[in-house]
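Please read the points below alongside the sequence and the model. They are arranged by topic and can be taken in any order.

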Amino acid sequence: MRREIRIRTVARESLEEITAQVQQVVQSLGVDVGLCHLFVPHTTAGIIINENADPSVCRDILEVLGRLVPRDGRYHHLEGNADAHIKAALVGNTVWIPVDRGGLALGRWQGIFLAEFDGPRERRVIITVLPVGEKGDGSSA
Amino acid sequence: MRREIRIRTVARESLEEITAQVQQVVQSLGVDVGLCHLFVPHTTAGIIINENADPSVCRDILEVLGRLVPRDGRYHHLEGNADAHIKAALVGNTVWIPVDRGGLALGRWQGIFLAEFDGPRERRVIITVLPVGEKGDGSSA
Amino acid sequence: MRREIRIRTVARESLEEITAQVQQVVQSLGVDVGLCHLFVPHTTAGIIINENADPSVCRDILEVLGRLVPRDGRYHHLEGNADAHIKAALVGNTVWIPVDRGGLALGRWQGIFLAEFDGPRERRVIITVLPVGEKGDGSSA
């Protein structure tokens, strides 16, 4: 069960919350208990799970990454987005979320964010859902 | 096959080894060959696989994270734990470990650590085990 | 479906592209739609997906990691490779890649790199491929 969503980012750097879109896809697939895999097929964007209650957390994450990996540092890659590649490598391009009762089983404060480091662009997220069964119950994966 | 364990952390920051608890859960599930997924449903804690022979490695990891993301930095999130959110985002909240012969197939020096960045608290880890079969052998996942 | 590949690294630090070896293993397994898991069973090496078109990106990633986690920093772990453990913890030791039409469904610019931080050594990568089916089609995982 694989689906794809597209996200249009609007700034060079942003954390775009995609929890609702992913939830909608997962719920449409009818998997009661399972695991949801998200994969970003880009090299200057990543994916993060973190707090979605206070948007300040996202600003803080981007500011710290910008301090650790400055945009105007000295880099060998000369396309002006070396920092974006490095940030994507640090953050990672994949997450997995448990699925329970047909939907994402995120923690109370967790949201899913596409991490854009070289936008604005249209980005893709590949969603795969695996059912998980109890042993020997016939629905086991 | 999904289970949950709880870990009581005892300091603001620590790497708490949970290898034995996870191993016990995995062995109880009776999966010969598979994959074990661990998910931390929190936004100020993460999960790391690294050396468990010398506890100094854990101290070093926490000290470097504390230097890169200082607790008393300037942050927009005003709850006093912005650094913890950022560290959790860098470290990640999920790992996968191969299961072989009914148990975790970790490397010789690898242990699993809950990374507490805003404790002490009770933390949860969601464990999911997927069987993996050889193609066409009837137990394939 | 689990296989193992071995990579001989040739420097203390390097990003060794392993995309072709992984692709070959995946194609040999005959899984049409699925997910490919890569696991590095070491504590001073990790795994990264990032750009493979311009090798400068790899140099930049290693240089930034070297600046954030200097080799000659003050560490408690006294084996001379504390930086390597910390880099491995930051980068992570596992990735997942969608499989489509029998092969890796990487993005246009993505390659898979073993991240060596304490070489030269022989390193192992454990590859597991899970089939993914559409619900109720009999091949579902």
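1. Conventions. This is a predicted model, in which local features need pLDDT of at least 70 and side-chain atom pairs count only at pLDDT 80 or more, while totals for chains, interfaces and linings use all residues. Residues are numbered from 1 along each chain as its sequence is written, chains are lettered from A and ligands numbered from 1 in the order in which they are written, and side-chain values use heavy atoms, with hydrogens and water left out.

2. Make-up of chain A. Chain A has three helices and eight strands (DSSP runs numbered from the N terminus: helices are H or I with at least four residues, strands are E with at least two). Their order along the sequence is β-β-α-β-β-α-α-β-β-β-β. The C-alpha trace of chain A spans about 55 × 30 × 25 Å along its principal axes.

3. Of the 141 residues in chain A, 63% are buried (buried is under 20% relative accessible area, exposed is over 50%, partly exposed is in between, with a 1.4 Å probe and protein chains only). Taking contacts (heavy atoms within 4.5 Å) between residues of chain A at least 6 apart in sequence, 81% join residues at least 24 apart. Chain A exposes about 5500 Å², and carbon and sulfur atoms supply 46% of that area (Shrake-Rupley method, 1.4 Å probe).

4. Salt bridges in chain A. Over all chains the structure holds 33 salt bridges (a side-chain nitrogen of Lys or Arg within 4 Å of a carboxyl oxygen of Asp or Glu). One of them pairs A:Asp118 with A:Arg12, with 3.9 Å between the closest N and O atoms. This pair links distant parts of the chain, 106 residues apart: A:Asp118 is in the loop between strand E7 (110-116) and strand E8 (122-131), and A:Arg12 is in the loop between strand E1 (2-8) and strand E2 (14-17) of chain A. A:Asp118 is buried at 14% relative accessible area, and A:Arg12 is buried at 14%.

5. In chain C, C:Asp118 forms a salt bridge with C:Arg121, the closest N and O atoms being 2.5 Å apart. C:Asp118 is buried at 14% and C:Arg121 is partly exposed at 33%. In chain A, salt bridges with shared partners join A:Arg12, A:Glu13, A:Asp83, A:Lys87, A:Asp118 and A:Arg121 into one network.

6. A buried lysine. B:Lys87 is in helix H3 (residues 82-91) of chain B and is buried, with a relative accessible area of 1%. Apart from neighbours within four places in sequence, B:Lys87 contacts B:Glu13, B:Leu65, B:Gly66, B:Val69 and B:Phe117.

7. Chains B and C. How many residues does each chain give to the contact? Chain B gives 37 residues and chain C gives 32 residues. The two chains bury about 2700 Å² between them, with 61% of it on carbon and sulfur atoms (the accessible area, 1.4 Å probe, that two parts lose on being put together, summed over both). Zero salt bridges are counted between chain B and chain C.

8. Backbone geometry. Most residues other than glycine have a negative phi, and most peptide bonds are trans. The bond joining B:Gly119 and B:Pro120 is cis, with omega about 0°, and B:Pro120 is in the loop between strand E7 (110-116) and strand E8 (122-131) of chain B. The peptide bond from C:Gly119 to C:Pro120 is also cis, with omega near 0°. A:Arg101 has a positive phi, near 45°; this residue lies in the loop between strand E5 (94-100) and strand E6 (103-104) of chain A and is exposed at 72%. For C:Arg101, phi is near 45° and the relative accessibility is 74%, which counts as exposed.
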